[in-house]
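Hi,

Here is the structure I said I would pass on. Have a look at it first, and my notes follow below.

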Amino acid sequence: MTALIEARGVSKRFRQHKRFPGLLGAFQTLVTSEYTEVSAVSDIGFDIAAGEAVGYLGPNGAGKSTMIKMMTGILVPSAGTLSVLGRTPHLERMANAREIGVVFGQRSQLWWDLPVIDSFTLHQRIYDIPEARYADNLKRFSTLLDLTPFLDRAVRQLSLGQRMRAEIVMSLLHDPKILFLDEPTIGLDVVAKDAVRKFLAEINRERGVTIILTTHDLQDIETICPRLIMVDHSRLIFDGELRRLRAALGSARRLTLEFSADPGPLPLSTATLTSDEGLRKHYLLEREDVSLVQVLGEVGGDRGLKDVALHEPDIEEVIRTFYQRRNAAAAVS
Amino acid sequence: MLHRLSILPLLVQMFVKSQMEYRGAFWLDRLAQIVSYGAVLLTIWILLQKFQLLGGWNWPELALLFSFQLLAYAMGASVSFTQLRDLEELVRLGTIDTLLTKPINTWAYLIFSGLNIGYAGHIILAIPVLVWALIAAQVNWSVGTALFFVFSLLSATMVTGSVITMIGATALIWVRSNHLFSIFFGFWELTRYPLNIFPSGIQVVMLTVVPLAYISAVPVAVLLGKPVPLLGDFAAPVALLAGPVLVLIAIAHWRYALSRYQGAGG
């Protein structure tokens with residue numbers, strides 16, 4: 001598989017006017033020409049293959065948006081090499097623009113005072129989309145995201161969820177090979193988030209559109225992105241499958257067994273009993289290779305087992321463990 | 001390339017359609033403009049009732065200067081001013097990023113998606129005054145002067161658009177550009193008057209670093225056969241060349257500013 005995106009030692013430093021605190025400091029800021037360098041992205045490298053869906057995750061100010069802006073050619077990297085679709089993004093920004101779609105969660109690309117459909121028509125003209133393909137894409141995506149009822153309404157009259165759905169559809173009308181999304185679900189309600197996530201997962205799966213998505217919301221990653229790239233303080237700290245992160249951290253699954261009559265203490269070899277409420281017993285499944293069937297096999301059919309609940313560790317938990325361990329390791333070294 | 005240009009009228013059409021969402025306010029704004037510029041013209045007229053001449057220019061000549069400047073400014077600013085004044089806001093909010101990811105020239109998109117039809121007010125006032133002044137003032141009409149009039153007006157339009165573009169583009173580097181626009185309008189007000197009434201320091205500035213003399217005082221002086229300070233016989237060719245040359249400089253400056261763009265944060 002050839003990589004659609006290749007990043008090698010990519011860094012971005014911003015020069016910022018040195019600021020001094022306080023009122024006197026404000027005057028000092030005005031007259032001095034001292035600069036401080038801020039690293040937004042430091043020595044980051046990865047390959048992204050066609051058809052992947054990658055979640056780019058990190059706390060505020062970790063350099064997520066900066067990386068997206070470099071990949072889309074808006075910003076010039078300070079060091080390293082970056083290749084998107086075989087081109088250097090900032091040198092061939094316009095050529096790349098035809099083959100990528102970009103959605104900025106907090107920056108609308110729709111014309112505020114005009115009906116949604118007008119922005120789409122302009123998009124068709126700018127990207128030279130043949131009429132038949134445009135009509136086909138518009139119909140398909142509008143149906144999937146339920147846009148049809150408000151295509152003729154002015155953008156300013158739409159809810160945030162409706163607007164975001166329109167933004168996403170617009171970014172896909174020209175069949176981009178890569179779709180970049182910077183915080184696409186920010187500020188959306190649960191229903192809208194869900195619709196957007198399902199749609200993106202489907203586009204990735206069925207159309208093979210490569211998706212790169214930055215987010216704060218781990219649920220986005222859970223639904224859309226099998227692969228996770230984590231950054232913190234401008235550096236790459238994890239790149240791999242979400243599943244692998246879970247396994248590496250040993251975040252155990254939790255199992256609850258409910259009985260119709262108390263079977264008494266019930267220690268198992270496949271799972272560790274953590275609490276016993278009599279009728280209800282809680283276990284930890286620490287080993288990834290143990291399946292639920294094996295555990296239930298060990299419990300046996302004659303104990304009056306009434307109900308079973310298995311809880312995957314949610315992604316928030318996994319990530320929290322990851323950062324905690326990292327910080328602890330940093331404190332020791 | 002040519003078929004790409006066909007997008008530009010569509011952008012204009014969309015912008016006009018957007019503006020018409022607020023059409024009542026639109027016409028009220030135009031009326032306000034005509035009244036405020038009319039008041040400036042009236043002030044000049046009142047002055048001339050008392051002094052007869054200003055720097056050797058009589059009332060019809062000053063009316064020609066005023067209307068030429070207003071028309072060149074309106075045409076140049078309609079393809080630059082509001083769009084580039086707002087560039088500061090686009091940079092601050094990061095909206096410019098959405099334009100940079102489109103396969104279309106960013107400047108062209110910015111200009112035509114905001115082509116300011118609001119300058120209709122300036123033009124409605126400028127054209128009748130210009131026509132009257134061209135008849136009333138002593139212009140030695142020939143094919144040469146007629147051609148000079150047309151092309152110097154075009155050049156003046158280009159000077160306006162270029163200078164505004166250069167000022168606006170600084171927002172890409174420094175995020176702020178409005179302080180430079182204040183300086184621009186300070187000098188721009190002076191272009192309603194003949195260049196020779198100002199101290200030589202200001203004359204030099206307006207012919208070089210802030211080349212606004214070319215949007216009115218220089219071409220109109222040439223048209224009326226009046227001497228132009230510092231430029232002398234070169235005034236006519238310089239007035240014609242100023243626009244195209246500044247356009248080239250503005251393009252280079254725009255590209256440079258875009259390459260220096262750092263985003264406003266995030």
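Let me start with A:Asp146, which counts as exposed because it has 12 C-beta neighbours inside 10 Å (exposed is 12 or fewer other C-beta atoms within 10 Å, buried is 20 or more, partly exposed is in between, with C-beta atoms placed from the backbone). Its phi is positive, about 55 degrees, although A:Asp146 is not a glycine. Most residues other than glycine have a negative phi. A:Asp146 sits in the loop between α5 (131-144) and α6 (160-172) of chain A; helices here are DSSP runs of H or I with at least four residues, strands are runs of E with at least two, and both are numbered from the N terminus.

A:Glu183 also has a positive phi of about 55 degrees without being a glycine. This one is buried, because 21 other C-beta atoms lie within 10 Å. You'll find A:Glu183 in the loop between β6 (178-182) and α7 (190-207) of chain A.

Before going on, the housekeeping: this is a predicted model, so local features need pLDDT of at least 70 and side-chain atom pairs count only at pLDDT 80 or more, while totals for chains, interfaces and linings use all residues. Residues are numbered from 1 along each chain as its sequence is written, and chains are lettered from A and ligands numbered from 1 in the order in which they are written.

On to the interface. Contact (C-beta atoms, placed from the backbone, within 7 Å) links 23 residues of chain A with 19 residues of chain B. On the chain A side, α2 (64-71), α3 (93-97), β5 (100-104) and α4 (116-126) each supply at least two residues, and α4(A) gives the most, with four.

What about the inside? The largest nonpolar core has 136 residues, and A:Phe180, A:Ile211, B:Leu71, B:Tyr214 and B:Val218 touch the most other members. A core here is a set of buried Ala, Val, Leu, Ile, Met, Phe, Trp, Tyr and Cys residues joined through C-beta atoms within 7 Å. Helix α4 (residues 59-78) of chain B gives the most to this core, with 13 residues. Leaving out residues up to four places away in sequence, B:Val218 touches B:Leu195, B:Ala213, B:Val228, B:Leu231, B:Ala235 and B:Ala239. A second, separate core of six residues includes A:Leu255, A:Leu257, A:Ala271 and A:Tyr283.

Finally, chain A is assigned domain 1 (3-247) and domain 2 (252-312), with bounds from an automatic or database domain assignment. Their centres, taken over C-alpha atoms, are 43 Å apart.

Cheers

How values were computed: Two residues are in contact if their C-beta atoms, placed from the backbone, lie within 7 Å.
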